[in-house]
Amino acid sequence: SLYFVFSLWAGLVGTGLSVLIRLELSMPLSLLKDFQLYNLIVTSHGLIMIFFLVMPMMMGGFGNWLVPLMLIVPDMAFPRMNNISFWVLPSSMFLLFCSMFSEGGFGGGWTLYPPLSSNMMGHSGAAGDFLILSLHIGGASSIMASLNFYSTWGNMRAGCHPFQRVPLFCSSIGVTSFLLILAMPVLAGALTMLLTDRNFNTAFFDPTGLGDPMLFVHLF
């Protein structure tokens, strides 16, 4: 239920940003009179809709309600990890808001591709760092929830539930969890490399230091 409430609230925020995008595009001249503000709105809209509406609702909300019911088990495999995987989401959302309201916000697109997300040509302020930390925490939440779902799906089936008789929804949650467990640490690594590029003088994605911006694209 908490996942549903949080994701619906985040969805309202993202929808408000979407309305601003449509208003800006509904007339020939600029309504916002600020291109950086428009880029910030597009970036924040994309991240909020994916990481704070779709993923918490489809995985966290529907998964927590339906997987135990369909598998005929009293609870998820790791209820306390389930709890913390939700409660780190508001802090992740808070860091995203900190990014939006610090130093003009981050307008480099929701994909965070360098060089738009780098210090040299793009956004050198704290907004990009807030955004990277927000996605780190959101990724940790996804990994914890996915471990929970995968363990529940794999180990807590009732005796009448061999794998071929598990409801398709539970199997889809299990497969999605497995893919998230594989994918999210790679995204976290890419974000960490971007963070060190911005703050610790590394050159993973900086061509002047023999880095490659396309590396971030492949990792992402």
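Visitor: Which residues lie nearest the centre of the largest pocket?
Guide: Heads-up: this is a predicted model, where local features need pLDDT of at least 70, side-chain atom pairs count only at pLDDT 80 or more, and totals for chains, interfaces and linings use all residues. Residues are numbered from 1 along each chain as its sequence is written, and side-chain values use heavy atoms, leaving out hydrogens and water. On a 1 Å grid over the protein atoms alone, a pocket is an open set of points with protein on both sides within 12 Å along at least five of seven lines, while a cavity is a set where a 1.4 Å probe fits but cannot get out; lining residues have an atom within 4 Å of a point. The largest pocket has 16 such lining residues, and nearest its centre you'll find S118, N119, M120, D197 and D206.

Visitor: How much space lies in that largest pocket?
Guide: Grid points are joined across faces, edges and corners, and the volume is the space filled by probe spheres set on them. For the largest pocket that comes to about 260 Å³.

Visitor: Which helix gives the most to the lining of the largest pocket?
Guide: Helices here are DSSP runs of H or I with at least four residues (strands: E, at least two), numbered from the N terminus. The pocket's top contributor supplies three residues and spans residues 168-199. That's helix α5.

Visitor: How many charged residues are in the lining of the largest pocket?
Guide: Asp, Glu, Lys and Arg count as charged; Ala, Val, Leu, Ile, Met, Phe, Trp, Tyr, Cys and Pro as nonpolar; and the others, Gly among them, as polar. The pocket lining has nine nonpolar and four polar residues. The charged count is three.

Visitor: Which helix gives the most to the lining of the largest cavity?
Guide: The lining has 14 residues, with M55, P56, S141, S142 and A145 nearest the centre, and it divides into nine nonpolar, five polar and no charged. Both α2 (35-71) and α4 (126-155) supply at least two of the lining residues. The biggest giver, with six residues, is α4.

Visitor: And from which helix comes the largest share of the lining of the second largest cavity?
Guide: Its lining includes L40, T43, S44 and L47, along with L96, S99 and M100. By class there are six nonpolar, three polar and no charged residues. Both α2 and α3 (79-100) supply at least two residues, but the largest share, four residues, comes from α2.

Visitor: What is the pattern of the chain along the sequence?
Guide: The C-alpha atoms fill a box of roughly 60 × 45 × 25 Å, taken along the principal axes. The chain has six helices and zero strands. Along the sequence, that reads α-α-α-α-α-α.

Visitor: Is the crossing of α2 and α5 left-handed or right-handed?
Guide: Their axes come within 10 Å and cross at roughly 140°, and α2 and α5 are therefore oblique to each other. A crossing is left-handed if the near helix is turned anticlockwise from the far one by less than a right angle, and right-handed if clockwise. The crossing of α2 and α5 is left-handed.

Visitor: Which residues does the cis peptide bond join?
Guide: The loop between α3 and α4 holds E103, a non-glycine with a positive phi of about 55°. P115 lies in the loop between α3 and α4 too. With omega at about 10°, the cis bond joins P114 and P115.

Key
Axes are lines fitted to C-alpha atoms, for helices over the stretch in contact, and angles run from 0 to 180 degrees between N-to-C directions. Angles under 35 degrees count as roughly parallel, over 145 as roughly antiparallel, 65 to 115 as roughly perpendicular and the rest as oblique.
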